[in-house]
Amino acid sequence: MCAAILSLQILSASAQMTIRMGEDSPLRKLQIAEMAITNLYVDSVNEDKLVEDGIRGMIEKLDPHSTYLTAKEVKEANEPLQGNFEGIGVQFNMVEDTLLVIQTVSNGPSERVGILAGDRIVSVNDTAIAGVKMSKEEIMKRLRGPKGTIAMLGVVRRGIQDQLTFKVIRDKIPVHTIDAAYMVRPKVGYIRIGNFGATTHDEFCESMKKLQKEGMQSLILDLQENGGGYLHAAVQIAEEFLQQNDLVVYTEGRRIQRSEYKAKGGGLFTKGKVIVLVDSYTASAAEIVSGAIQDHDRGIVVGRRTFGKGLVQRPIDLPDGSMIRLTVAHYYTPSGRCIQKPYEKGNKKDYSEDMLHRLKSGELMSADSVHFADSLKYYTLKKHRVVYGGGGIMPDEFVPLDTTRYTRFHRELAAKSVIIDANLHYVDQHRKSLQQEYQTFEAYRERFEVPQSVIDDIMAEAEKKNIKPKDEAERLSTLPYLRLQLKALIARDLWGMNEYYYIMGKTNDALTKALSLL
């Protein structure tokens, strides 16, 4: 333990960790306690776990975002942000204890050997994974592996009597952080960023150039439910909208000197209209982008007050591959706003229930429910509009949460996988006929309607699982959204996420508001 702490080096040019090792130092006290328990305690103890518990105990008394991660947790946390992992390259879901391929990664290992959407993978390297109650995590562990290694897959394909065998050579599989990019109407582009990772900027630039070729003059940037990610990626995205030397964000902490991030100039979209969509789950890096665009009066923010995470974590690697993500600074928007919402050190429960508090207070229904002190008042840099710090980014145009759309009956259907299972079964049985009848998404979008038989199957399955609407009115009010959701899910499985979000856009009230503003 002592060696791990002593091995930590300088955090930055201005903030060096100093370690007191005298007889009265806290570190010496901690070391003696650990040695005493390990060597003298009446029962045997796991020294590694003892140290981990000690670290967790210290971290828990700090802010809500400082954390300790084991080596395994570090790997799992980094994968979605690093832009790739190594595996066979399929998107799948479990249907009746069997892995059903939803999509293959374009030009990925599985597509290259001929695996198709709709195939069922029943074995990996002669080990059965179907019908054996194997967890999804265990199946993923068997499918993934180092680049260049071989996975022999046993595959059952509809219409083929014999089981097929495919030799798949694992490779790096890209992880995309942009969920959708399409023209939502003539001259108006739409890009939804899921999180900010290592490849986000490249993906964004590629999407922007594609939409500009299609005639985009205004952009709706959807950051709803975007929980953040890499600070650097957020700065890169903001730079595409701002002028040279415009401040994007700055960070500052007790032992960390002020560090400024400015736009380099030459951005892809420095002139057209921009609207940013946000909600209560828009956090961290997504708030940096929202705040920079708002503060420079480069565009307007539409939606509900964002999460309010204005704390910067510094990763501190430990010798066994574990990591402390320690809060070392606050970040501030260009106007000087710190948007971190208030918290009590060591009280993560109250912090985690903030969304519930917002719902109960009526904030999600009305902007008038949010009150800021005058001391938190700031002004945008060009038009000098009033904006507030101290708890997230408050949108320029408020969009109330529609609580009537999602009935209790629908929530239970979704929670118990009735909807997704019905979708998977329908696509599995009708994929070829659907592809023949709807050769373009435009044809599907205009003509396809979810068959009543699918709705009937859902209702029958709900009855089996004792999921019941409270009355006929709730059942009927559930159906419009359920049909639209099923249509979007089917489109996703036939084409991709662009098509899914295009259809679901009808339920995106912030998007509807943005289009009306444009």
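**Entry 1: a neighbouring pair**

I began with Arg492 and Asp493, whose side chains meet in a salt bridge at 2.8 Å, N to O, a salt bridge being a side-chain nitrogen of Lys or Arg within 4 Å of a carboxyl oxygen of Asp or Glu. Both Arg492 and Asp493 are buried, where buried means under 20% relative accessible area, exposed means over 50%, and partly exposed lies in between, with a 1.4 Å probe and protein chains only.

I noted for myself that this is a predicted model, in which local features need pLDDT of at least 70 and side-chain atom pairs count only at pLDDT 80 or more, while totals for chains, interfaces and linings use all residues. Residues are numbered from 1 along each chain as its sequence is written, and side-chain values use heavy atoms, with hydrogens and water left out.

**Entry 2: other salt bridges**

I then looked up how many salt bridges there are, and the count comes to 30. One of them joins the side chains of Arg385 and Asp297 at 2.9 Å, N to O. Arg385 lies in the loop between E19 and strand E20 (386-388) and Asp297 in the loop between helix H9 (285-295) and strand E16 (300-303), so the pair ties together parts that are 88 residues apart in sequence; helices here are DSSP runs (H or I) of at least four residues and strands (E) of at least two, numbered from the N terminus. I found Arg385 partly exposed, at a relative accessible area of 25%, whereas Asp297 is buried at 13%.

I next turned to Glu397 and Lys513, whose side chains form a salt bridge of 3.9 Å, N to O. This pair also links distant parts of the chain, with Glu397 in strand E21 and Lys513 in helix H18 (residues 509-517), 116 residues apart. Glu397 is partly exposed at 27%, and Lys513 is partly exposed at 29% relative accessibility.

**Entry 3: the network around Glu363**

Which residues are linked in a network of salt bridges? I listed Arg305, Lys341, Asp354, Arg358 and Glu363. Glu363 counts as buried because its relative accessibility is 7%. The side chains of Glu363 and Arg305 are joined by a polar contact of 2.8 Å (a pair of N or O atoms within 3.5 Å, where within protein one must be able to donate a hydrogen and the other to accept it, and residues adjacent in sequence count only if both atoms are side-chain atoms). Leaving aside residues up to four places away in sequence, Glu363 touches Arg305, Arg358, Ser369, Val370 and Phe398, contact meaning heavy atoms within 4.5 Å.

**Entry 4: the nonpolar cores**

In soluble globular proteins, nonpolar side chains tend to be buried together. I looked up the largest nonpolar core, which has 47 residues, and those with the most contacts inside it are Ile220 and Tyr444; such a core is a set of buried Ala, Val, Leu, Ile, Met, Phe, Trp, Tyr and Cys residues joined through side-chain atoms within 4.5 Å. Helix H16 (residues 472-494) gives the most to this core, with 10 residues. Among the residues that Ile220 touches, beyond those up to four places away in sequence, I noted Val184, Tyr190, Ile275, Leu277, Leu511 and Leu518. A second, separate core has 41 residues, including Phe204, Met208, Ala234 and Val248.

I found Tyr406 in the loop between strand E21 (397-398) and helix H12 (408-415), and it counts as partly exposed at 33% relative accessibility. Tyr406 touches Arg411 and Tyr481, again not counting residues up to four places away in sequence. The C-alpha atoms of Tyr406 and Ser477 are separated by 9.0 Å, although the two are 71 residues apart along the chain.

Most residues other than glycine have a negative phi. Asp126 sits in the loop between strand E5 (120-124) and strand E6 (127-128), and is exposed, with a relative accessible area of 80%. His384 also has a positive phi, near 55 degrees; I placed His384 in the loop between E19 and E20, and found it exposed at 54%.
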